[in-house]
Amino acid sequence: MPVEHFQEKKFDLADLKNIPEDQIAEHLTLYAGYVKNTNTLRVKIAEMVKSGNAGTPEYSELIRRLGFEYNGMRLHELYFDNLSGEGGNPDAAPNIKKAIENAFDGWDNFQNHFTKTAAMRGVGWTILFQDTVSGNLSVHWINLHEDGNPVGFNPLLVMDVWEHAFTVYLKPTQRAKYIEDFCANIDWEAVQARLK
Ligand SMILES: [Fe+2]
């Protein structure tokens, strides 16, 4: 069976509040690299298996890299898909708002929990997940793209807090402003649609 090639997804990111177009354009270029590298790795790994080269040191390094590139592609798709210039108002998505209020004992607690996680020192991702076994919602910090994603959990709200997500228009010390800008553009209806 031929290896499936992924295509870059298109996102509706016109008119985001405060996050300028050149910031998004730069970030989409980085995303395109993850799509390309995921495709390249999948082809190379399949070729190595077929040619009897699985188990070599080169093969091991490609396998180690696969989770980084694959998750880098998927996490960026979830991130861009949960942003919209029309976003920022959780009242537009009452089901997810209620689920969050129940899970975190009120909206303000969740807001504080999520944004303080996003403000942690270091670069990575802050993600609100749903545990598909128990239904619980929880906020997690992901270091590298492949490192720390809880098994089988469903990502509901995905925030990129690598510095490349904001340093086209802000300084590295201005992450708090980026967190504010991200929250002003969260497409809560898209987040709600992910709820199972
Ligand atoms: Fe990113």
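**Exercise 1.** Is Asp181 buried or exposed?

*Solution.* Start with the basis. This is a predicted model, in which local features need pLDDT of at least 70 and side-chain atom pairs count only at pLDDT 80 or more, while totals for chains, interfaces and linings use all residues. Residues are numbered from 1 along each chain as its sequence is written, and side-chain values use heavy atoms, with hydrogens and water left out.

Step 1. Take the cut-offs: buried means under 20% relative accessible area, exposed over 50%, and partly exposed in between (1.4 Å probe, protein chains only).

Step 2. Apply them. Asp181 has a relative accessible area of 1%, so the residue is buried.

Step 3. Look for a charged partner. Asp181 forms a salt bridge with Lys177, at 2.7 Å from N to O. The term requires a side-chain nitrogen of Lys or Arg within 4 Å of a carboxyl oxygen of Asp or Glu.

Step 4. Lys177 is partly exposed, at 33% relative accessible area.

**Exercise 2.** Find which residues of H5 are buried, and what covers them.

*Solution.* Step 1. H5 spans residues 175–184. Helices (H or I, at least four residues) and strands (E, at least two) are DSSP runs, numbered from the N terminus.

Step 1. List the buried positions: Arg175, Tyr178, Ile179, Asp181, Phe182 and Cys183.

Step 2. Identify the cover. It includes H2, helix H4 (107–118), strand E2 (137–142) and strand E3 (154–160).

**Exercise 3.** Describe the contact between domain 1 and domain 2.

Step 1. Take the area. About 1,500 Å² is buried between the domains, with 65% from carbon and sulfur atoms. Buried area is the accessible area (1.4 Å probe) that two parts lose on being put together, summed over both. In domain 1, Gln23, Leu75 and Tyr79 lose the most area to domain 2, together 41% of what that side buries.

Step 2. Assign elements. On the domain 1 side, H1 (21–50) and H2 (57–81) each supply at least two residues. H2 gives the largest share, ten residues.

**Exercise 4.** Which salt bridge links Asp81 to a distant part of the chain?

*Solution.* Step 1. Search the whole structure: seven salt bridges are found.

Step 1. Pick the pair. Asp81 bridges to Lys9, with the closest N and O atoms 3.0 Å apart.

Step 2. Asp81 is in helix H2 and Lys9 is in the segment before H1, 72 residues apart.

Step 3. Asp81 is partly exposed at 29%. Lys9 is also partly exposed, at 38%.

Definitions and conventions
Contact means heavy atoms within 4.5 Å.
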